Amino acid sequence: MKFLIIIIGLLAGTIFGILPGFRKQWKSWQIVVVFLVLGLSFYLTFIPHIAATHQYLIYLSDFNIKKELKIHFLVQEIHSDTIIISSTENKTKTFPITIKNSQLTKGDEVIALLSYNKKDKSFVFKQLIDKNPSLVLPYIPALGENIRILNLHVPCAWIAVLAYLISMIYSIKFLKRQNSFFDNVASSSALIGFFFTILATITGMIWAKDNWGEYWNWDPRETSIFVLLLIYMAYFALRSALGNNKLKARFSAVYSILAFITVPFFIFVLPRITIGLHPGSADDTSLGPIISSEATSLSYLKQISFSISFMGWTMMYYLLLNILVRFNYLKKEIFHSNH
Amino acid sequence: MDNFTTFYVSITILAGIALLLLYINHKLSGLYKLLKINSVKDDEDE
């Protein structure tokens with residue numbers, strides 16, 4: 001089900017992006033739709049609360065970890081200085097919380113900052129965050145609030161792969177038919193792919209700083225993306241070094257095909273067969289929240305927000321490709337008319 | 001920076017990019033009309 005939701009987003013974005021084609025101008029409403037979808041994905045990325053269950057605090061106390069966490073619970077009963085709570089899923093098992101001047105009423109779904117006192121076996125109420133929230137994402141241990149960046153980081157990386165793939169397909173088409181339009185699409189797509197690779201690297205670095213302690217750790221995933229950036233930098237260096245348009249197109253088409261052969265290896269294979277910090281590395285027991293086949297690795301809300309994010313970024317890729325292809329064609333036409 | 005601030009900052013940047021791309025798209029179509037080009041064409045004889 002999870003993969004289906006994600007694939008629907010990818011397909012919807014691709015169909016929306018491909019229908020106007022690379023040759024004709026996008027209508028203004030189509031551009032507005034792209035940004036509305038991206039805006040919605042940003043809303044679903046940043047606005048929902050991320051809250052753990054109170055059982056997680058009890059679990060942490062077994063390891064003598066005392067932590068204040070945002071907890072999502074249901075108010076079952078209210079007494080003068082105590083409220084009885086349960087989790088929102090399992091309403092039969094209840095726990096007391098000592099609380100003063102409560103604004104809570106029976107039946108409220110609450111997100112509050114709580115800690116757990118192992119000695120007294122009681123929860124300590126610190127701060128009320130929200131009452132009856134409309135959107136709540138589950139807390140994923142070790143990721144916490146950082147999980148939000150998943151909606152930016154992963155689509156950027158996958159769209160970089162898509163862009164390099166399209167660059168390779170149009171390079172093959174160019175070598176078959178020697179049509180400069182195909183060279184235009186191939187080089188434009190490689191440029192956008194390069195841009196998305198940089199975005200994926202930056203968002204990954206921000207994530208790494210919080211989770212691994214440093215912006216750059218030379219983890220196999222980081223090293224492989226760095227090598228990939230160098231490979232495509234060489235592609236642009238090659239194009240700028242060759243003055244003859246026909247030669248430039250032919251050489252860069254061959255290079256683009258060869259460069260793409262390395263992409264699946266650097267993105268999907270190398271980081272999974274080597275030991276590293278990134279989810280899915282050889283010593284990691286899980287495959288990471290996206291690839292993992294466990295349904296519980298991402299909640300439904302997270303799956304939907306991830307899918308919408310995927311759709312938005314895919315549409316954005318096709319929009320940028322359309323603008324860049326038309327811009328490059330215009331540049332060439334103006335150059336030809338001047339010579 | 002809390003989540004709401006991050007959201008408002010990112011949505012403002014997004015709106016700025018949207019306006020920029022709408023402007024570029026509009027300018028490009030103006031230039032295409034000026035040069036009497038309907039769409040990007042094949043160029044197999046090059």
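1. The largest nonpolar core has 61 residues, and A163(A), Y317(A) and L319(A) touch the most other members. Note that this is a predicted model.

2. Several helices of chain A build that core. Those giving two or more residues are helix 2 (28–46), helix 4 (150–177), helix 5 (180–211), helix 6 (220–241), helix 7 (245–273) and helix 8 (300–338). Helix 8 of chain A gives the most, with 15 residues.

3. What does Y317(A) contact, leaving aside neighbours within four places in sequence? The partners are G17(A), I159(A), L162(A), A163(A) and I192(A). Of these, A163(A) is, like Y317(A), among the core residues that touch the most other members.

4. Now the pairing of helix 2 with helix 8, both of chain A. Their axes come within 8 Å and cross at roughly 150 degrees. Angles over 145 degrees count as roughly antiparallel, so helix 2 of chain A is roughly antiparallel to helix 8 of chain A. The crossing is left-handed.

5. Which residues make this contact? Helix 2 of chain A supplies I31(A), V34(A), V37(A), L38(A), L40(A), S41(A), L44(A) and T45(A). Helix 8 of chain A supplies S305(A), I308(A), S309(A), M311(A), G312(A), M315(A), M316(A) and L319(A). By class, the contact has 11 nonpolar and 5 polar residues, with no charged ones.

Terms used:
Residues numbered from 1 in each chain as written. Chains lettered and ligands numbered in written order. Predicted model: local features only at pLDDT ≥ 70, side-chain atom pairs only at ≥ 80, totals over all residues. Core = buried A, V, L, I, M, F, W, Y, C linked by C-beta atoms within 7 Å. Buried ≥ 20, exposed ≤ 12 C-beta atoms within 10 Å, placed from the backbone. Helix = DSSP H or I, 4+ residues; strand = E, 2+ residues; numbered from the N terminus. Contact = placed C-beta atoms within 7 Å. Axes fitted to C-alpha atoms, helices over the stretch in contact; angles between N-to-C directions. Parallel < 35°, antiparallel > 145°, perpendicular 65-115°, else oblique. Left-handed = near helix turned anticlockwise from the far one by under 90°. Nonpolar A, V, L, I, M, F, W, Y, C, P; charged D, E, K, R; others polar.
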